[in-house]
Every structure is written in C-alpha cells, then in structure tokens.
Amino acid sequence: MTASSRPSTVSALLTELVATAAAAAGHDGVLDALEPASPTSNPSFGDYQSNHAFRLGKALKTNPRAVAEAVKAALPVHPAVVRADVAGPGFLNFHLDDAWLAGHVVAQVQDTRGGVEDRGQGRTVVIDYSSPNVAKRMHIGHMRSTIIGNALHRLYEAGGYRVVADNHIGDWGTQFGMLIVGWRNWLDEAAFADDAIGELERLYVKFREEAAADPTLDDLARAETAKLQAGDPDNRALWLKFIDISMVEFNGVYDRLGVRFDETLGESAYNHALPGVVDDLLDAGIAVEDAGAVVVRYPDDHDVKAVRGKLLVIRKQDGAYLYGTTDLATLEHRLSTWSPAEIVYVTDGRQQLHFQQVFAAWQAWRAHRGLPADGVALRHMWFGTLKLPEGMMSTRKGNVIRLVELLDEAVRRARAVVDEKSPDLPDALRAEIAEAVGIGAVRYSDLSQNPQSDVSFDWDRMLAMEGNTAPFLMYSLARCRSIQRKADLAPGETPLAPAANGALVHERERALLRLLARFPESVAAALETQRPNLLCDHLFEIAQAFNRFYFDVRVLDADSDDQRAARLALVELSAAVLSRGLGLLGVPALDRM
RNA sequence: GCGCGAUUAGCUCAGCUGGAUAGAGCGUUGGCCUCCGGAGCCAAAGGUCGCAGGUUCGAAUCCUGCAUCGCGCGCCA
C-alpha cells in the first residue's frame, strides 16, 4: 500500500521537511527538539504552519524571520507542498496540494489502523475502570469511570496497545456479613424472584435500619463476615450467589453501553495475598507497626509532594486489611501476570492522594527489591466529580439515580425525536435507533468535555440531541449513507481513488479534506493526554464541515462524471472517518436514523 | 495548616507541552427546504480569559503572590 511510504500524519511529514531544510541551511543540531508543524490558526495562512524558526532564532540569537527565509529556501521539493510562505515575524506557512491531500486521506482510510501511529507496538496496558460494588445496582456515580475508562480502553487499542481491561469490583468486605444476616432474617422470596438485585438492595437498607435500633446485629454481621472469610460453606455459597446476581445486573448495563472487560478480578481475588504484602513491607522496613496497626509513613521531604507527612494504614488494629493493601497486591499480580508497560487507574479525582500513596509505597518496595525504575508506568487517570444538585448518591437513602434509569430516560427522549423525524420507519427499527441514539448521547455528553472538570448532573444537558452531541455526529454519518443509498452504493463500496482526481477544489471540499487528514493526529492527542474530548471536538468539526459541504455542494448531480466520482469518494471518506471515530468513543454508528 | 483542582460570552463548557484576530453548544435576534435527510445550514449580538506582578519577539496558556469556590488529608472505598 502506498501508505507505508508516507509518514503517518501531515504534521509529521512537514516537521520532517522543516528539519531537513534547517539542517541544509546549516542549523543542524542547534535544537534537540523539533517544533512540530500544526494546522494554521486561520485558513488564509494556508493549511499548516511551522513555528520552528522562532525556536531556531532564539537559539541562534538571530532574527527568526531571516531564519524562516533560509529554511524556506532550503526546503526539499515535495509533492505535498505546493507553496510555502514566510509570514509575520517568522511563521512558515504551507499550502498543500489538493490532489496529494486527497490521496493522503484515501491512504489513511484504507490503512487498517486508519493512519493512527502504532505507539503501543504491541506493549500491554492494564486499564482498571468501572469497578462497581457487588450487591448494589450501578448508579450514576459509576457512569464516569465506566464511560471514560472504556473510551481510554478503545483509544489504547487504536494506538497499538494490547489492552487488559480489568474490572476491579468490590466483592469483598463487611457488607457481606450484613447481607447474609439480612438474607436469613428478612428475605422476601417473591420479591427476590421478581427482582433479585433490588431485593439485595432492600435487605441491605433493611439491615442498616434494624441495626440502628439493635446494635447486636452489627456483631452478628461481623461474625458472619468472619465466617465467610474463614471459608464457611453456607456463607460462601451465599456470597457467590450475590456476586452472580450482581454480574447479571452489571453485564446488562455494560452490554447496552458497549463496554466489555477482559478480566473481572475483584477485591476477593487478592484476599489470600494480603498478609504477604504486609509482611514483605514490614521486612523491607517500608511499613512499621504503630499502635497495633501497620502503616507506611511518608517523610516530610518525600519526592512526591502530596504524600509528605502522610500515613497509609495497610493493616488495621483489628487485623483487617484496607483497600490500599488490596491495591498493592493487585498491582503485584498485574505486573507478574501481564508484564504491562503501563497501568491506568480510572477513578474519581478524590482518590488522588490514595493512589499517590499506593504508588509511592510500591516504588519504595520496588527499589528495595532492586527492580528497574522504568519497568512500568503507573497512571492515575482521575476525572472530576459528578455533582448532584440535591441529595447524595446513597444507596441507603434510596434517592440514587440508577444507571439503567438514566439510559432508559435517554432512550425515551431519543424515541420521541425519532418518532417525530422518521415516522416512516418501522416500529422495531425506530426502537433500535432510539436505543443507539440515547446511549450515544449519554456516552458523548460525558466524553465531550475535559474529563478532569467537575460536572453537575443535568438531565437536559446530558441527554441533549442537538448541537455538539452524538446524535449530530450520527446524523451526519446517516446523511453520508443516505447519499450512498441513492447512488446504489453500500457502505464501504465507493471507489476512493477518484478523490485524488483533481476535481475536489471547492472551499468546502478542501476544508473537509484538511480535517479528515488530521484524524490520526487527534486520536494520538486524545490518547497521549488521556482526553477523549479532543477527539470529540475534532469529530464535531468534521461533522460541521461535512454538513457545510453537503449544503453548498451537489454530489449526485455534479457537473461531470469525474466530479461526481470524486465527491462520492469524499462522502465515503467522511463516513469512514466519522464511523471510525465514533467507534473509538463507543458511540453507535447508524446507516439511517 | 498542607496538598490537588477550578475561575474564559447570559448559561454550560472547549482551548492550557506559549504563536497570528480567544472558540463551540445552548439561549436570544434575523434569514435558508420547487434541490442528495431542516437532528441541518447562514448571519447578528454577546468576552478587561478572577486580580496584580514577572518571564519574552509573543501569555487564556509558563512562574510568583493574592482573592473566591470545590475536593482531599492515619485504621471507609
């Protein structure tokens, strides 16, 4: 394929050209870092710009404009570049050749990776996300980790990584003693048969109410928890039942959201390893006993500012372990099982200190064992808090918004729009479309903003169907497919080569091509910064550009066969990029809606 | 007290590894279907980028201080 000889992105190509020219102009080795070429801030400046001359000028203590002129004079001839101008104080602006640009986009679309750089090279990354607690339904508090984590999951795969998605569910702990007590005393068989998880939730709430009046129940629950942990067969059977019930609930939500995991290794999977972790840390002198507990202390001059003077308890006075202990055991297991280059934890930002502490403790442990410092990158990819207008997300209070309720409401609203806009479609198809649109809207509304911003829960905003939303992107794709249907072309069947036949010269066509060419760059940026919103922004721009093109340019009744073929190819290129991009966000792509 | 984060248009937010005239959506006002899907397109109004310094050819972006708000800080996760 022709793509193999091309740099993966236009930016990379132009950056290389500038580097070559700078070397030829005698500036080789002046700078160790290249200033990458970027799209121009304004189309009147051309297609791409390089600001490299500013850096060179600064290093050489000369006029950047003169440097830019010298670089421009030394630029190698390349079919991509039709013209280069020096502008302002030293900008080097590139005008791309129309047919070359179109050919480049064709090659990218034909590439199995969509032109996205293979950054991972098959290396493994473990992503820890979603992680709900067993015996409770998923509520909107689980939404962000699930959706953002899954988008990262998809982005890492697109970037050439082997991903191990691990759902670290909360399947161990004192709540099981309470549930067991509740189960034996207050189980409503009929209610359980009707709604198993709902009955478990009710039993939990019931227990808390009863225990408030009768504190001996707490002792009973602790005893049952202890029995479970000691391997009591009856309690263990109940515990497994609770997990099964919960997994049915979770998987229902995951299926609808398009989320899947490779592993579901919950807290219980590491229970057996916890004493060893504590012993090892004690032996290594990283942890110490303190008033009957075992703690890791962080000195006031620790490299990591956040943990200075802090303390992490890894075994309580009563001998019980905490989630920090589990996290350390989990980390060890992941390293020995998958040898990942990276482990990404997707949780709420309020856990920043916790993960800094766990990572710092592990680094000390690692150093003590003489393991290499660059063996694995631990990344806490935290996201902002979902703030509710009123009331907390408390299972006990019962005022929590469940994830399925959110999805159902989204689908309900989508259905109303589908019924209004597409009354001709059969009922079953409208239902299918509404499901896709509703789910897409929910996912996109979370992904389209900076993950680290706090979000206030707002039905209307979360389920919007107009503007910068999933339905708009899906609609743009459906428009592409509609044109193709009228031309008797199935998705993916349109010949792409005519895109480069020189007929795409309209301003709207060039604008669209420029954006399509940037797709690999925006995927790389989203992956590198762990901000899927960068990809959302770019797809939104593509959809806008497509709709402008659609409005101003006739495809099916073009002026000539060449022009028609070129425009049909452009429609397919747009569809291919939109569809691939939506796939990375986990937003369903539809042929009609 | 220490740490993390935020402060950009009426509202909700992008943009933050420094680049040319700060963007979008919603809302408001006004246009566009004899034409491939109007979930769309075009246009207008709307901003001392919290405040004050600093760094430099250039700062919403980097540094320092301040103000306001949110979150976190030894036996919950």
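The buried residues of helix H1 (residues 10–27) in this predicted model are Val10, Ser11, Leu13, Leu14, Thr15, Leu17, Val18, Ala21, Ala22 and His27. Here, buried means under 20% relative accessible area, exposed over 50% and partly exposed in between, with a 1.4 Å probe and protein chains only. Helices (H or I, at least four residues) and strands (E, at least two) are DSSP runs, numbered from the N terminus. Gly29, with a positive phi near 75 degrees, follows H1.

Residues are numbered from 1 along each chain as its sequence is written, and chains are lettered from A and ligands numbered from 1 in the order in which they are written. Local features need pLDDT of at least 70 and side-chain atom pairs count only at pLDDT 80 or more, while totals for chains, interfaces and linings use all residues; side-chain values use heavy atoms, with hydrogens and water left out.

Chain A has 593 residues, of which buried residues make up 52%. Its secondary structure comes to 21 helices and 13 strands. Along the principal axes, the C-alpha atoms of chain A fill a box of roughly 85 × 65 × 40 Å. Of the contacts in chain A (heavy atoms within 4.5 Å) between residues at least 6 apart in sequence, 75% join residues at least 24 apart. The domain assignment, which is automatic or from a database, gives domain 1 (2–96), domain 2 (124–170 + 261–387) and domain 3 (175–257). The C-alpha centres of domain 1 and domain 3 lie 65 Å apart.

A nonpolar core is a set of buried Ala, Val, Leu, Ile, Met, Phe, Trp, Tyr and Cys residues joined through side-chain atoms within 4.5 Å. The largest such core in the model holds 154 residues, and Leu14, Phe94, Tyr156, Phe242, Leu406, Leu535 and Leu573 touch the most other members. Helix H21 (residues 561–585) supplies the largest share of this core, 13 residues. Another core, of 33 residues, lies apart from it and includes Leu274, Val278, Leu281 and Tyr298. Leaving aside residues up to four places away in sequence, Phe94 touches Leu14, Val18, Gly46, Asp47, Tyr48, Ser50, Leu75, Val81, Arg83 and Ala84.

Two open sheets are described next. Strands pair if DSSP finds at least two bridges between them. One open sheet has four strands in the order E6-E5-E10-E11, with parallel pairing. Strand E6 (162–166) and strand E11 (377–383) are at the edges with a single partner strand each, so one side of each is left without a neighbour in the sheet. The twist from one strand to the next averages 20 degrees; axes are lines fitted to C-alpha atoms, for helices over the stretch in contact, and angles run from 0 to 180 degrees between N-to-C directions. Strand E5 (residues 124–128) is joined to strand E10 (residues 342–348) by four bridges, and Val126 has Ile343 in E10 as its bridge partner. Helix H12 (residues 323–338) packs on this sheet, where it touches E5, E6, E10 and E11, and its direction makes about 145 degrees with that of E10.

The other open sheet has three strands in the order E7-E8-E9, with antiparallel pairing. Its edges are strand E7 (287–290) and strand E9 (311–315), each with a single partner strand, so one side of each is left without a neighbour in the sheet. Here the twist averages 40 degrees from one strand to the next. Helix H11 (residues 274–283) packs on the sheet and touches E7, E8 and E9, with its direction at about 100 degrees to that of E7.
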